[in-house]
Protein chains: 2
Amino acid sequence: MEKFEVHILGCGSAKPTTRHFPASQVVNVRDKLFMIDCGEGAQIQFCKSRLKFSRLQSIFISHLHADHCLGLIGLVSTLNLLGRTAQLHVYLPKGGGEVFGPVIHYFNWEMTFEVIFHEFDDKVSEVIYEDRSLTVTTLPLEHRMPCCGFRFDEKPTPRHILREMIDAYEIPLSEINRIKNGADYTLADGRVIANERLTTPSDPPRSYAYCSDTRYMPALAAKLQGVNLLYHEATFCEDDAQKATARYHSTASQAAQVAKEAGVGKLIIGHYSSRYDDESQLLCEASAVFEPTILARENLCVKIE
Amino acid sequence: MEKFEVHILGCGSAKPTTRHFPASQVVNVRDKLFMIDCGEGAQIQFCKSRLKFSRLQSIFISHLHADHCLGLIGLVSTLNLLGRTAQLHVYLPKGGGEVFGPVIHYFNWEMTFEVIFHEFDDKVSEVIYEDRSLTVTTLPLEHRMPCCGFRFDEKPTPRHILREMIDAYEIPLSEINRIKNGADYTLADGRVIANERLTTPSDPPRSYAYCSDTRYMPALAAKLQGVNLLYHEATFCEDDAQKATARYHSTASQAAQVAKEAGVGKLIIGHYSSRYDDESQLLCEASAVFEPTILARENLCVKIE
């Protein structure tokens with residue numbers, strides 16, 4: 001199965017602790033790396049997760065709070081130091097290019113590559129990235145400032161053609177792609193061989209969604225249907241539910257409620273408040289609502305299968 | 001003896017590694033904290049060294065390369081989140097205020113405290129900070145851009161008055177400070193008691209100097225005379241001496257040569273190139289020239305006695 005995995009680089013929140021880095025993660029889709037959020041220290045954590053800078057394709061910034069994007073300047077500076085030549089695409093809310101452009105320019109007055117800012121509309125859900133195998137769609141969230149989550153969807157892959165059928169019916173190479181895409185095959189004598197005899201089904205497309213930072217949004221579940229893996233922020237415990245609402249954050253059980261209603265495969269919670277010495281209470285509360293929940297931690301890699 | 005110690009927060013160089021953070025350290029003088037350089041992740045390392053944000057007084061930035069100052073934006077944002085009210089003084093080369101002011105403002109549009117930028121002239125050595133117990137003097141260095149090191153000098157402290165002499169001669173409280181500062185004491189009958197009988201000598205003033213980043217500067221030794229502890233960059237081994245010169249950095253043995261000629265008490269080397277898997281060769285080369293050399297490492301604390 002093709003690679004589709006999520007690396008957690010940081011899962012703390014704004015106030016620094018000795019245990020967590022601020023928000024950042026990397027989605028590896030077939031060895032193309034897509035970074036989501038880029039908190040301070042993301043480049044150090046990127047190295048610790050043994051990822052390769054040369055494979056970094058794009059960066060998606062959910063919102064312009066310091067703990068979600070301040071690592072961008074240092075990361076771009078390092079890529080420049082390494083002599084990168086490929087364009088780097090940065091997707092972020094409106095205004096982000098104006099904030100980061102000048103300061104990146106100041107620290108890198110001779111650039112070896114181009115940084116291209118793509119500013120998205122935080123009010124609508126839309127496809128902001130697409131390649132042969134993947135789409136990335138924004139998920140408008142409810143936070144104290146314009147903020148979007150991201151949904152990564154694999155595109156459907158062709159069916160698997162059966163080697164022995166190619167040989168048995170002497171199917172020419174030129175027909176292979178049509179058959180992989182579902183076509184039947186007609187022999188010289190006019191007989192039609194049904195596609196189901198020639199192929200086995202393709203792997204179902206997989207998906208990952210990232211939702212941070214956000215207040216509890218019951219409506220979000222509809223947009224997360226069928227997601228294999230969901231990362232949802234869980235800044236607070238149930239005891240601090242009022243703080244969560246006031247600060248436009250979620251509790252662990254609210255994150256789990258969204259996961260449950262969306263019927264996702266697995267939930268990772270993160271963006272922990274610095275007030276908790278460990279996250280066992282958060283896990284306990286989330287698991288009570290949605291059992292297949294795990295805690296994010298730095299340099300954790302979760303494979304989507 | 002009053003506290004005077006140096007905490008290493010980061011001793012790597014520009015290219016990130018899994019072993020080191022970029023440049024930052026904290027000088028603790030009698031529980032006032034002075035940060036020198038503020039590379040990315042400095043605030044996280046500050047927490048790891050168990051230092052208190054409330055005691056942070058000033059920040060001194062040697063030069064405006066990314067690996068020496070990018071942590072400033074996040075650190076200021078955290079201090080703001082914590083509701084700091086005391087002014088924060090940031091000393092840095094010309095142009096620094098213009099770079100950091102707008103971006104700090106963007107991420108902190110409601111500030112609970114004032115950040116005051118003091119831009120220094122990198123061409124002359126001058127006192128840029130002074131309080132009752134300390135002066136900080138710039139040390140112009142030779143790097144690819146305007147860059148200064150910093151020398152921290154304790155002010156001479158008063159002599160220690162002998163308790164038993166106060167009692168024996170019934171010295172009034174109003175005379176104590178004069179005597180501590182060296183005055184003799186005249187009794188009612190006209191007899192003069194020499195200061196040396198009433199006091200013991202004060203502790204000699206201590207000093208610390210930070211020199212990073214710089215090419216080997218033989219002339220620097222004259223400005224480092226009498227320094228108890230010297231931090232000098234040692235980016236390269238002797239095998240890479242040509243690279244050191246070309247990139248305006250020093251080798252370990254050059255750092256040690258400066259320490260030796262200045263007759264400092266102890267040398268800490270740091271700012272290690274990412275090319276070395278460990279720093280044993282750097283230590284070996286420096287120690288051969290100047291024996292009392294130690295390697296900087298993250299969260300090391302060196303007391304100056």
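Author: Helices (H or I, at least four residues) and strands (E, at least two) are DSSP runs, numbered from the N terminus. With that naming, Arg30(A) sits in the loop between strand S2 (24-29) and strand S3 (32-38) of chain A, and please keep in mind that the model is predicted.

Reader: What is phi of Arg30(A) near?

Author: Phi of Arg30(A) is near 50°, which is a positive value in a residue other than glycine.

Reader: Where are the cis peptide bonds, going by omega?

Author: In chain A, the bond from Ser212(A) to Asp213(A) is cis, with omega near 0°, and in chain B the bond from Ser212(B) to Asp213(B) is cis, with omega near 0°. Asp213(A) is placed in the loop between strand S14 (207-211) and helix H8 (220-223) of chain A, while Asp213(B) lies in the loop between strand S14 (207-211) and helix H8 (220-223) of chain B.

Reader: Switching to the interface, how much area is buried between chain B and chain A?

Author: About 2,600 Å² is buried between the two chains, with carbon and sulfur atoms giving 77% of that area. Pro16(B), Glu40(B) and Phe107(B) supply 23% of what chain B buries against chain A, more than any other three residues.

Reader: How many salt bridges, and how many polar pairs?

Author: The count of salt bridges between chain B and chain A is 0, whereas 4 residue pairs are in polar contact across the interface. On the side of chain B that touches chain A, the largest share, 6 residues, comes from H3(B), and by class that side has 20 nonpolar, 10 polar and 3 charged residues.

Reader: Last topic, how many aromatic pairs are there over all chains?

Author: The search of the whole structure finds 29 aromatic pairs. The rings of Phe46(B) and Phe53(B) have centres 4.7 Å apart and planes at 10°, so this pair is stacked.

Reader: Why do Phe46(B) and Phe53(B) count as buried?

Author: Phe46(B) counts as buried because its relative accessibility is 0%, and Phe53(B) counts as buried because its value is 13%, buried being under 20%.

Notes:
Residues are numbered from 1 along each chain as its sequence is written. Chains are lettered from A and ligands numbered from 1 in the order in which they are written. This is a predicted model: local features need pLDDT of at least 70, side-chain atom pairs count only at pLDDT 80 or more; totals for chains, interfaces and linings use all residues. Side-chain values use heavy atoms; hydrogens and water are left out. Buried area is the accessible area (1.4 Å probe) that two parts lose on being put together, summed over both. A salt bridge is a side-chain nitrogen of Lys or Arg within 4 Å of a carboxyl oxygen of Asp or Glu. A polar contact is a pair of N or O atoms within 3.5 Å; within protein, one must be able to donate a hydrogen and the other to accept it, and residues adjacent in sequence count only if both atoms are side-chain atoms. Ala, Val, Leu, Ile, Met, Phe, Trp, Tyr, Cys and Pro count as nonpolar, Asp, Glu, Lys and Arg as charged, and the others, Gly among them, as polar. Rings of Phe, Tyr and Trp (its six-membered ring) pair if their centres lie within 6.5 Å; planes under 30 degrees apart count as stacked, over 60 as edge-to-face and the rest as tilted. Buried means under 20% relative accessible area, exposed over 50%, partly exposed in between (1.4 Å probe, protein chains only).
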